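User: I am new to this structure and would like to learn how to read its features one at a time. Could you take me through them slowly?

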Number of protein chains: 4
Amino acid sequence: MVIVMNEQATEDQIEKVIAALTQKGYDAHRSTGATRTVIGVVGLSKTPLDPREFEILPGVHEVVRISEPYKLAGRVFKPEDTVIRIRDVEIGGRAIVMMAGPCAVESEKQLDIIASSVSRYGARILRGGAYKPRTSPYTFQGLGEEGLRHLRTVADRYGLLVVTEVMDTSQVTEVAEYADILQVGARNMQNFNLLKDLGRRKTAVMLKRGLSATIQEWLLSAEYIMAGGNHNVIFCERGIRTFENYTRNTMDISAIPIIKKLSHLPIVADPSHGTGLRDKVIPMARAAVAAGADGIMVEVHHEPEAALSDGPQSIYPEQFAELMAQLRIIAPAIGRAI
Amino acid sequence: MVIVMNEQATEDQIEKVIAALTQKGYDAHRSTGATRTVIGVVGLSKTPLDPREFEILPGVHEVVRISEPYKLAGRVFKPEDTVIRIRDVEIGGRAIVMMAGPCAVESEKQLDIIASSVSRYGARILRGGAYKPRTSPYTFQGLGEEGLRHLRTVADRYGLLVVTEVMDTSQVTEVAEYADILQVGARNMQNFNLLKDLGRRKTAVMLKRGLSATIQEWLLSAEYIMAGGNHNVIFCERGIRTFENYTRNTMDISAIPIIKKLSHLPIVADPSHGTGLRDKVIPMARAAVAAGADGIMVEVHHEPEAALSDGPQSIYPEQFAELMAQLRIIAPAIGRAI
Amino acid sequence: MVIVMNEQATEDQIEKVIAALTQKGYDAHRSTGATRTVIGVVGLSKTPLDPREFEILPGVHEVVRISEPYKLAGRVFKPEDTVIRIRDVEIGGRAIVMMAGPCAVESEKQLDIIASSVSRYGARILRGGAYKPRTSPYTFQGLGEEGLRHLRTVADRYGLLVVTEVMDTSQVTEVAEYADILQVGARNMQNFNLLKDLGRRKTAVMLKRGLSATIQEWLLSAEYIMAGGNHNVIFCERGIRTFENYTRNTMDISAIPIIKKLSHLPIVADPSHGTGLRDKVIPMARAAVAAGADGIMVEVHHEPEAALSDGPQSIYPEQFAELMAQLRIIAPAIGRAI
Amino acid sequence: MVIVMNEQATEDQIEKVIAALTQKGYDAHRSTGATRTVIGVVGLSKTPLDPREFEILPGVHEVVRISEPYKLAGRVFKPEDTVIRIRDVEIGGRAIVMMAGPCAVESEKQLDIIASSVSRYGARILRGGAYKPRTSPYTFQGLGEEGLRHLRTVADRYGLLVVTEVMDTSQVTEVAEYADILQVGARNMQNFNLLKDLGRRKTAVMLKRGLSATIQEWLLSAEYIMAGGNHNVIFCERGIRTFENYTRNTMDISAIPIIKKLSHLPIVADPSHGTGLRDKVIPMARAAVAAGADGIMVEVHHEPEAALSDGPQSIYPEQFAELMAQLRIIAPAIGRAI
């Protein structure tokens, strides 16, 4: 942190700032310029600093944060890429990992039809919602534990892993019994009690970006999980909310290379929620891989017009096959395989 | 809902759309224009309609939602204003209600000093966080149950009500023992499990607007609580996230008259979080009242520079007194008192 | 500017940064901390510094801007409020100034009816568009010079000033012949050629905030005009673009106290464009005055349903009278009159 | 347009709406449902309809726009792709077109060094600013006509086309003498006088998306140019303004497939302005091509640390070569060449 004093700041004001820093266990490094004084804050105390606490002290012009507030999630802490291995699947390795399945689990039969296709075309992870967060209380809320059982049964049948959402601390134990990867939804990215609970477990977590979350807040949410001891965190970019309303959300493809630079954790992209429109899913999946994503999560349904949830953004199994073919051409451009 | 067909839509396509509607229990009203056919959807079936399900049918140009997806929260359902009475305090009545207190409860003594001032100047409700949602896992997370006890003790001493945040379903029973109003924080506005839990209780709920929540989503979150049977919901505008970063958030003052029009429920404003800057709190509190807010929630601290959380946005007790004086002039302009 | 070096920055890298600063005519003030080196940049050279030029130098961790990039528009340059006097009207003085009139000038008769009412109720400035910026090329584009003549004639008849929009450098001379205040529309806030042209004149300029302009960019656009010698600039907050689409724009009321703090120039608010909805205009006008605005610009039309442009956001003359009555109650709360 | 009446709308109110439509030259198609009446508007009158004019009529619940307000720019008007041919270069054809060069023209020598490299690596169009729109009046504003001369001379030397910005109607004739493609900058996307002027010429126009422009507004700005007779319009996605401030703008990659669907005009992407960060330019250029862009415009500088403008977002010539190699792998995935 750097504290910049006003040009008119008095000696007394400067000393009070330094005293406040010392009291919180930090070293203050003063440098007096021709026109103003700048105070560098060094050392790492147990008391975190809120820059705004200093901004309101008399004589202070501006306070500037220097170091990132996250540690475990950052590349500074761990320069090499984290590869998360779950049975025979690696996330964050050389191969791009495909996660596919319906928005919501509707029945074992539905799931079997879809899993059978997507596994044949190259998906390694089966997605599907058993507990569904829905904006309206009057819409389908998911099959619950029955859905979880279907996911496990069908995934095992085709040698797939399972990723599914957990919405609340009360569900974590149950969902963790069935799933290989626990998904934290966009609306829960800052449900800190849920993040802390997941941090005390070993199951991998896929952390979706909140609709209005900055990249730094997203990293801090990963930090919540990691601070509890669980370092198996996968980011998932799924679009942010902007003024543009042609698409459901605006997919922030640039977040992919940014996360790859700032963090060692893997990142996947979800073009189904990122766009909300079937015919935009494939171009955006290609874009995400071209930008460096470690995987793609995509909603696939054999009868999207009859889907209980999000049918319009689900692609057909044959479109998934077509996407795989295109990604196999693109991946080598950046030294990846699929 | 109105379904607009393409100019080139075939008779077969039109009939398939009508069949899909009928199957879901709706009446379809067809009107054939010179250039295209428009299908009006009437009736209210138990199966809610997702417009996107129809947008993807062949021959469909556009689907337009007509009626609001919320019911209990809307003025159509209940035209007269809801007034929430808790002991001798009315929220949503003629008098504007002031809620004041520290961001976080730090000690009984701190709380007593602040409560003593704000109650003297006219506050009716004591605010203060016992469980604090914090972006970083390394910052002060609140005193927990000890904080709740302080809130209750001090509030009773000065004849105040208590409003405090509940972050998770696991905390609701405990917090409800101490508080008169349970606050749902902005980051939890779409924590649907929490909303459902609160809907099964009788304690009033103050529902903060999410950082990127549309007004319609906010109304739907209130609907979640009301659908469970708890109709004591108070909205709280606290700023949305925009590109402007001079302020912490952009307070959407226009949400106040909009909510007053669309819903019968009361709405208060929180200029402390809405701006994040002490010297903007008072002007924005005035603006909120001038725009029609039923109350103001404001952070007050006698020593903001020593506060454990959000000191820079807390006003001094004397500033609170000054604000009260100004609001007493403004309220009559819109037929209110304070 | 403060340049923060990496913890691993070499002596050579530090020296290169200092050399780059010196070469551009700045003094570099080096301070070596326990973990890293911070370089303060002092002095004011003729070559402005782009922080990003230094961010890309090897060994640099972060570059932090300290001083505001605007000068003439800032309170540091001129601490006391600027009051713009045009004939017997003062903008930025103790009295709140009302600007009212139709969105577009349609005929002399229409303008006379409206001007007659609003002047009677207390407006001092007549607004009305002669050249209209329209999103679609197929909508009414304004009466042009004929509209300007009507504005002047009618305003003189009722002792009002004229404010009207100028869209392009080619129109400035013509519009300046008829108008007392030249309005720069939101879409032109960064039309730098237009700003430079206006800077070379003496006529007052009302500078609307761009739909996605930060407060700092807005101040810099004022700086463009002032740098040319014209210091008669009035800011006008008219809403920014956000994700919320219930209103046409989100009016940023907090911009009012912020501008009043950062700049000495007056600021008015335009709740007609700020909300786009008639029944929100009055509450938002009240809010703007309560927050400290120096004036209100509002669209008034006696037959809004027949207006050629923006009828739905125009209020009726009687509503304008009602607004005036409310503002007369509110203004004294902040030491203002109307 | 479809006008949905209130459930309580009276016969009289319905008839007044129909009368208002008829008066404006439209046919009204009435359909009376069980609960409400819906009025379809058919025909195309010369008077465009503002939906808000009808929303304010008594008894109207909602007005819904059906057909797009643009015509010439839409695929409905012209289903096949527009290919713009300038000498031997095709924009919008099978080959992806590369535009490269410095942000600002600084000297003929600088331009020659850069043009020599990028033409060797495969660029077909030389970019460079002679007139620069700058947020601050105190920064480098471009070389003006001297810069234009350098562009033409150097481009001809290497067989390249020239694309450069025109900021104001007063500059169009001059810039058109030197350039093959006239660029309209993001801040000028709704400078309607400039758009109309360009519409009366034959030179191709590259229309950058405004920072807060919706896709529909962007299409309407193209419509302004085309309505004047100039159909040679190229869209350029360069990032929109969002809450995320790690990048300068958020590049909206999804705009690429959306524009390709809604319009027949070509679209290119500018990852330099889209991200503002050198190390994000290459991943985002790859993403844009993978999403279907017809071309890429990129800032290249041999000495970015000495550039007078935007050095930090310029890539080195060798990075441009590397990008070309990657794009050659990606293009065939979507049936394109480079």
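User: How much area do chain B and chain A bury between them?

Analyst: Buried area is the accessible area that two parts lose on being put together, summed over both. In this predicted model, chain B and chain A bury about 4000 Å² between them, and 51% of that area lies on carbon and sulfur atoms. The contact draws on 47 residues from chain B and on 47 residues from chain A.

User: Which elements of chain B give two or more residues to the side that touches chain A, and which of them gives the most?

Analyst: On the side of chain B that touches chain A, the elements that give two or more residues are helix 2 (51-55), helix 6 (192-199) and helix 7 (215-227) of chain B. Helix 7 of chain B gives the most, with five residues. Sorted by class, that side of chain B has 18 nonpolar, 14 polar and 15 charged residues.

User: Where do the partners D12(B) and K16(B) lie, and are they buried or exposed?

Analyst: Here one looks at the position in sequence and at the accessibility together. D12(B) forms a salt bridge with K16(B), with the closest N and O atoms 3.5 Å apart, and both residues lie in helix 1 (residues 11-23) of chain B, four residues apart, which is about one turn of the helix. D12(B) is partly exposed, at a relative accessible area of 44%, whereas K16(B) is exposed, at 55%.

User: What does the pair of D270(B) and K208(B) tie together?

Analyst: D270(B) and K208(B) form a salt bridge whose closest N and O atoms are 2.6 Å apart. Because D270(B) lies in the loop between strand 13 (267-269) and helix 9 (271-275) of chain B, while K208(B) lies in strand 11 (residues 204-208) of chain B, the pair ties together parts that are 62 residues apart in sequence. D270(B) is buried, with a relative accessible area of 0%, and K208(B) also counts as buried, at 4%.

User: Which residues of chain A are linked in a network of salt bridges?

Analyst: The network of salt bridges links R87(A), R152(A), D156(A) and D180(A).

User: Why is strand 9 of chain D described as largely enclosed by the rest of the structure?

Analyst: A residue is called buried when its relative accessible area is under 20%. Five of the five residues of strand 9 (residues 161-165) of chain D are buried, so the strand is largely enclosed by the rest of the structure. Both of its faces are covered, with L161(D), V163(D) and E165(D) buried on one side and V162(D) and T164(D) buried on the other. Strand 9 of chain D also pairs with strand 8 (residues 125-127) of chain D, in the parallel sense and over three bridges, and I125(D) stands opposite L161(D) in strand 9.

Note on methods. Residues are numbered from 1 along each chain as its sequence is written. Chains are lettered from A and ligands numbered from 1 in the order in which they are written. This is a predicted model: local features need pLDDT of at least 70, side-chain atom pairs count only at pLDDT 80 or more; totals for chains, interfaces and linings use all residues. Side-chain values use heavy atoms; hydrogens and water are left out. Contact means heavy atoms within 4.5 Å. Buried area is the accessible area (1.4 Å probe) that two parts lose on being put together, summed over both. Ala, Val, Leu, Ile, Met, Phe, Trp, Tyr, Cys and Pro count as nonpolar, Asp, Glu, Lys and Arg as charged, and the others, Gly among them, as polar. Buried means under 20% relative accessible area, exposed over 50%, partly exposed in between (1.4 Å probe, protein chains only). Two strands pair if DSSP finds at least two bridges between them. A salt bridge is a side-chain nitrogen of Lys or Arg within 4 Å of a carboxyl oxygen of Asp or Glu.
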